[in-house]
Amino acid sequence: LAAAKADIGNWNGKIVACEAEVIQIEKGYQDKPYYKVKLERGSQIWIGSLMNRDFEKQGAKLKILGYFAKMKDDDQSSKFNKDGYHILAFAVIDMATKKMAILTGTESKVKEWMNGTIPQGKK
């Protein structure tokens, strides 16, 4: 996260994966979950879900695959997130139930991830 924060422009659009614990939940774009997570090393980042699921609960431990994204000036989530960046999640695994939510059209990227490789996004 530190490298991405230091060079947001270069990281914008890259696919990232993380394990995290949900610490705050809000409503984002089109009422999709927008939530803050604590990463393994203690840093925190906001996640904008591209799907509507019920995985985003306080204290839930999730595996997340998504795009690191610079926020737009008019981004509605800026009322919660003052960092200027977030992850737009297109795949989420609830570690307690082992259930997975996947955005339609991202199956090949998720398959790569499931095989141990973080897929390539924007270069």
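Which residue's side chain meets that of Glu 19 in a salt bridge? The partner of Glu 19 is Lys 63, with an N to O distance of 3.8 Å; a salt bridge here is a side-chain nitrogen of Lys or Arg within 4 Å of a carboxyl oxygen of Asp or Glu. The pair is 44 residues apart and links strand 1 (residues 15–27), which holds Glu 19, to strand 4 (residues 61–70), which holds Lys 63. Strands are DSSP runs of E, at least two residues long, numbered from the N terminus.

The model is predicted: local features need pLDDT of at least 70, side-chain atom pairs count only at pLDDT 80 or more, and totals for chains, interfaces and linings use all residues. Residues are numbered from 1 along each chain as its sequence is written, and side-chain values use heavy atoms, without hydrogens and water.

By the above rule, the count of salt bridges is two. Glu 21 and Lys 61 form a salt bridge with their closest N and O atoms 3.2 Å apart. Relative accessibility is 37% for Glu 19, 26% for Lys 63, 24% for Glu 21 and 48% for Lys 61. Each value counts as partly exposed, because this class lies between buried (under 20% relative accessible area) and exposed (over 50%), with a 1.4 Å probe and protein chains only.

His 86, in strand 5 (residues 85–94), counts as buried at 4% relative accessibility. The side chains of His 86 and Tyr 34 are joined by a polar contact of 2.9 Å, that is, a pair of N or O atoms within 3.5 Å, one able to donate a hydrogen and the other to accept it.

Definitions and conventions: Helix = DSSP H or I, 4+ residues; strand = E, 2+ residues; numbered from the N terminus.
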